Amino acid sequence: MNNQKVTDTNKDIKICHISDFHLPIEESFPPYKLLSKRIMGYANLKLLRSKNHQKEPFLRLLEKITEEKPDMLIATGDLVNLALETEYKNIADIFNSFGYTKDNLMLVPGNHDRYTPGAQRKNYFEKSFAKWLDCNGTPPCFPIFKDLGNIAIIGIDTAVWRGPVSAAGKINKVQLKEIENIIVEKCKGKKIVAAMHHPPYKLLDSHLKQYLSGLYGYKRVLELLKNRNALVLHGHIHVRTDLLINDTHIVGVPSASNNHGSHHKKMSFHTFNFDKNGDYKVYSTAYHAKEDQFKTDELLNGLEMLK
Ligand SMILES: [Fe+2]
Ligand SMILES: [Fe+2]
């Protein structure tokens, strides 16, 4: 689970963040694969998601990110829709075609990446993306630790299979303990960047929303990060968010493929430019596919919330 590469501590670091690909399924697959929770997800995909989430604009966004040569690209889950093997292969092929290695790409799973009990049990995510993990595709693969000199990235797995209509996340106790160990033993003097799919706070002050889609045990994560000026990157809610809880800066990125989203939901990536002290600026780059234009704005810490 430990990373092997250590980066020069005096170097400025650029991290890019994307999430929630939800690309349409173009490849054929056996119909019996839908005899599960997938039948609802497939209907949702055909009726709703496929109108908004499109592959070509997503590839253009990824091309733009790659041109920026980030030291690390972090993708925080929901890389597939129904956890079909053909979907994982498609995403792996895309990352391979852009030349990403585990030295410049970190992947963490989302709820859609563990959509069925079979996908979870057979470790589709870990096996399909073994090239970008440090566990050779055999769990436990998380937390992932990447040492970028003055920046320490911790990739956290919040994804767990749930029954129909639930998209909630959870971090198990073993992983929480390992995260604590990493923070104490490996992050001294470093800026901590934690990457996870589910946001570590209560969703919209609604118990039902939190129950169905929130992160169980998020308070423990916030506790572990408190008083460390940490940065958390997440996806899942498909909206750009930027807020402070205690001293933890939490930034959510919209889906990387939502071509029809309005301002805060528009397909985007975030760029974090760190100086050698760990201070950083955050930029949001949205892609307007119709005009083939990218628009970049600086995010101002803590000033925008769940609009
Ligand atoms: Fe998602
Ligand atoms: Fe999600």
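Two residues are taken to be in contact if their C-beta atoms, placed from the backbone, lie within 7 Å. The points below concern a predicted model.

1. Contacts and burial of Leu231. By the contact criterion, and leaving aside residues up to four places away in sequence, Leu231 touches Ile192, Val193 and His249. Leu231 belongs to strand S10, which covers residues 231-234. Leu231 counts as buried because 24 C-beta neighbours lie inside 10 Å, the threshold for burial being 20 or more. Leu244 is 13 residues away from Leu231 along the chain, and the C-alpha atoms of the two are separated by 9.3 Å.

2. Strand S12 and its partners. Strand S12 (residues 248-252) is mostly covered, with five of its five residues buried. Thr248, Ile250 and Gly252 point one way from S12, while His249 and Val251 point the other way, and all are buried. S12 pairs with S10 in the parallel sense over four bridges, and Val232 stands opposite Ile250 of S12. With strand S11 (residues 241-245), S12 runs antiparallel, and five bridges join the two. Within that pairing, Gly252 in S12 is the bridge partner of Thr241. S11 and S12 form a hairpin with two residues between them, and Asn246 in the turn has a positive phi of about 55 degrees.

3. The largest nonpolar core. This core has 71 residues. The residues with the most contacts inside the core are Ile153, Ile154, Ile156, Ile192, Val193, Ala194 and Ala195. Two of these names, Ile192 and Val193, also occur among the contacts of Leu231. Ala195 touches Ile74, Thr76, Met106, Val108, Ile153, Gly155, Ile156 and Leu233, again not counting residues up to four places away in sequence.

4. Strand S6 (residues 151-155) is joined to S5 by four bridges, and the two strands run antiparallel. Ile154 in S6 is the bridge partner of Phe145; Ile154 is also listed among the core residues with the most contacts. Three residues lie between the strands of this hairpin, where Gly149 takes a positive phi near 80 degrees.

5. The six-stranded sheet. An open sheet with mixed pairing has the strand order S4-S3-S2-S13-S14-S15. Its edge strands are S4 (105-108) and S15 (293-299), each of which pairs on one side only. On average, neighbouring strands of this sheet are turned by 20 degrees against each other, direction ignored. Strand S14 (residues 280-288) and S15 run antiparallel and are joined by seven bridges. In this pairing, Ser284 stands opposite Asp297 in S15.

6. Helices H2 and H3. Helix H2 (residues 55-67) lies across strands S2 (13-18), S3 (72-76), S13 (268-274), S14 and S15, and runs at about 145 degrees to S14. Helix H3 (residues 85-97) has 13 residues. From its first C-alpha to its last, H3 reaches 18 Å, close to the 18 Å expected at 1.5 Å a residue. H3 is followed by Gly99, whose phi is positive, near 80 degrees.

7. Backbone features to inspect. Most residues other than glycine have a negative phi, and most peptide bonds are trans. Which peptide bond involving Pro139 is cis? The bond from Pro139 to Pro140 is cis, with omega near 5 degrees. A cis peptide bond also runs from Phe142 to Pro143, with omega near 5 degrees. Pro140 lies in the loop between helix H5 (124-128) and strand S5 (144-147), and Pro143 likewise lies in the loop between H5 and S5.

8. Positive phi outside glycine. Lys69, which is not a glycine, has a positive phi of about 50 degrees. Lys69 is found in the loop between H2 and S3. Is Lys69 buried or exposed? Lys69 counts as exposed because 10 C-beta neighbours lie inside 10 Å, the limit for exposure being 12 or fewer. Asp292 is likewise not a glycine and has a positive phi of about 50 degrees. Asp292 is placed in the loop between S14 and S15. With 9 C-beta neighbours inside 10 Å, Asp292 therefore counts as exposed.

Note on methods
Residues numbered from 1 in each chain as written. Chains lettered and ligands numbered in written order. Predicted model: local features only at pLDDT ≥ 70, side-chain atom pairs only at ≥ 80, totals over all residues. Expected span 1.5 Å × (residues − 1). Pairing = 2+ DSSP bridges. Axes fitted to C-alpha atoms, helices over the stretch in contact; angles between N-to-C directions. Core = buried A, V, L, I, M, F, W, Y, C linked by C-beta atoms within 7 Å.
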